[in-house]
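Okay, thanks for coming, everyone. I'd like to walk you through one model today, helix by helix and ring by ring. Let me put it up on the screen.

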Amino acid sequence: MLNLERITFDPQIMAGQACIRGMRIPVSLVVNLVANGKPLEEILEEYPDLEADDIRQSLLYAAWLTQERVYSFKTA
């Protein structure tokens with residue numbers, strides 16, 4: 001897997017969903033903001049605990065999750 005040390009999972013934080021560095025900022029929120037065209041500077045302004053590398057790793061994690069895999073199946 002990728003080296004994503006900023007992406008954390010803790011059952012006690014946000015019900016265990018992927019978050020940024022153990023904070024209550026879900027990766028899904030960051031990816032959603034970027035996907036909807038929010039400039040990185042505005043994201044960092046609105047969430048001062050975030051760093052540019054947090055956003056980059058959120059996108060890398062999302063890209064990794066959506067990898068296309070081809071599976072071959074035997075037909076009868």
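Let's start with helix α3, where D54, I55, Q57, S58 and Y61 are buried; buried here means under 20% relative accessible area, exposed is over 50%, and partly exposed is in between, with a 1.4 Å probe and protein chains only. Those five cover an arc of only 165° around the axis, so they sit on the same side of α3. That arc is taken from the directions from the helix axis to the C-beta atoms.

Quick housekeeping before I go on. This is a predicted model, so local features need pLDDT of at least 70 and side-chain atom pairs count only at pLDDT 80 or more, while totals for chains, interfaces and linings use all residues. Residues are numbered from 1 along each chain as its sequence is written, and side-chain values use heavy atoms, with hydrogens and water left out. The helix and strand labels are DSSP runs numbered from the N terminus: H or I with at least four residues for helices, E with at least two for strands.

How far apart are the end C-alpha atoms of α3? They are 20 Å apart, and that agrees with the 20 Å you'd expect from 14 residues, 52-65, at 1.5 Å a residue. The expected span is 1.5 Å times one less than the number of residues.

So what covers the buried residues of α3? The cover includes β1 (7-8), β2 (19-20), α1 (27-35) and α2 (40-46). Take S58 in α3: S58 is buried, with a relative accessible area of 0%. Leaving out residues up to four places away in sequence, S58 touches I7, I20, V27, V30 and V31, where contact means heavy atoms within 4.5 Å.

Now the helix packing. The axes of α1 and α3 come within 9 Å and cross at roughly 95°. Axes are lines fitted to C-alpha atoms, for helices over the stretch in contact, and angles run from 0 to 180 degrees between N-to-C directions. On the α1 side the contact is made by V27, V30, V31 and V34, and on the α3 side by I55, S58, L59, Y61 and A62.

On to the rings. Searching the whole structure turns up two aromatic pairs. Rings of Phe, Tyr and Trp (its six-membered ring) pair if their centres lie within 6.5 Å; planes under 30 degrees apart are stacked, over 60 edge-to-face, and the rest tilted. F9 and Y61 are edge-to-face, 6.0 Å centre to centre with 65° between the planes. F9 is in the loop between β1 and β2 and Y61 is in α3, so this pair ties together parts 52 residues apart in sequence.

Y61 is buried at 10% relative accessible area. Y61 also pairs with W64, this time stacked, at 6.2 Å centre to centre and 25° between the planes. W64 is partly exposed, at 27%.

Last item, backbone angles. Most residues other than glycine have a negative phi. M14, in the loop between β1 and β2, has a positive phi near 55°. R21, in the loop between β2 and α1, also has a positive phi, about 45°.
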